[in-house]
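User: Hi! I would like to learn how to read salt bridges in a protein model. Could you walk me through some cases?

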Amino acid sequence: MRIQHQFLLCYSLFLLFLATTTLISPSHGDLGKCHPSDFKALMKMKNSITMSQDVYSSWFQNTDCCNWIGITCDDKTNRTVEIILFVGEISGKIPPSVGDLSHLIGLTFRHFKNITGSIPQSITKLKHLVLLDLSDMSLSGPVPNFLNQLTLLNRLVLSNNQFSGSIPPNLSDLKNIRNIYLDGNKLTGSIPESFGKFTGTAPALYLARNKLTGPIPKSLGALAYSDIDLSRNKLTGDASILINPKHDLTTFIDLSRNQFEFDLSKVKFPKDLNWFDISHNKIFGAIPDEIKNLESLNQLKVGYNRLCGKIPTGGIMKRFKRTSFFHNKCLCGSPLLISCKKK
């Protein structure tokens, strides 16, 4: 009887221990490495959007957020430094509570067509943010003027949304910016004059597939953009200022499907140019013979313009097929099946 009594006493104490630990389970200790303030902000995020449970089952109360899918914590400080979400289904609006993640360096929400609304101004509290990628969603309204407050921003990606209105001129205030992707939206108006006044290295600039109008600001000709994509807009005038032999860093130029007019025969090319597409414009003149010496050039499209004269031969020109030169006013010679008339 004494042994049975002792067993019952021990068992009762064990149950009491379990009950006690259950009551105190929400303590920080059970959150693992996750910093309490980051955990609070992330739970606010989760509760304000709808996330597919099969993918985001790890996002659960009283668990270590550093182990959640899409979350990266710093090994030393245990602060949340990066959010990368692009799989499964998420719907709703970008939660303002994201601004409470004060140590965030990278923020990526991508490929969620059910994310709507605008970019919350609370994002300006993220003073360490280097990467902001909010692409392939259904965000709308203007591109916010307050993004220039993210002074450390290196990469801004707002591609393939429904942003409208004009491009904020003050994006040129971003001294550390290296990539600006605003392509695939509904932006209108002209390219800001200030985009020729970025300090330091000019960013790669992607403004394609919008509704931009007007001429290229002359100021843009002063900067050596590594990549510049202005295709599929309604831009006009002389874009040859973007093609500068002194701009050794320029490797990608896409001016296609606009209404540009200039004399191609007067153009001098950057020596490391890799991609050159000026198709579907009103460009005239002849193709400069020097183009055959551009060893890095792998993509050339000059079709659907008003070009004339003999297509250069030799050098790299054998890389390009007839489709590169189709539908011009009077281009002739190989690879087109149009012979040049002897003078």
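Analyst: Happy to. Side chains of opposite charge can pair when their charged atoms come close. Keep in mind that this model is predicted. Here, aspartate 133 and arginine 110 form a salt bridge, with 3.0 Å between the closest N and O atoms. The two partners come from distant parts of the chain, 23 residues apart: aspartate 133 belongs to strand 7 (residues 131-133), and arginine 110 lies in the loop between strand 5 (106-109) and strand 6 (115-117).

User: Is aspartate 133 buried or exposed?

Analyst: Aspartate 133 has a relative accessibility of 6%, so it counts as buried. Arginine 110, at 24%, is partly exposed.

User: Which residue does aspartate 38 form a salt bridge with?

Analyst: Its partner is arginine 79, and the closest N and O atoms are 3.1 Å apart.

User: Where does lysine 271 find its salt-bridge partner?

Analyst: Lysine 271 meets aspartate 272, at 3.1 Å from N to O. Aspartate 272 is partly exposed, with 28% relative accessibility, and lysine 271 is partly exposed as well, at 49%.

User: How many salt bridges are there by this rule?

Analyst: Counting a side-chain nitrogen of Lys or Arg within 4 Å of a carboxyl oxygen of Asp or Glu, the count comes to eight salt bridges.

Conventions:
Residues are numbered from 1 along each chain as its sequence is written. This is a predicted model: local features need pLDDT of at least 70, side-chain atom pairs count only at pLDDT 80 or more; totals for chains, interfaces and linings use all residues. Side-chain values use heavy atoms; hydrogens and water are left out. Helices (H or I, at least four residues) and strands (E, at least two) are DSSP runs, numbered from the N terminus. Buried means under 20% relative accessible area, exposed over 50%, partly exposed in between (1.4 Å probe, protein chains only).
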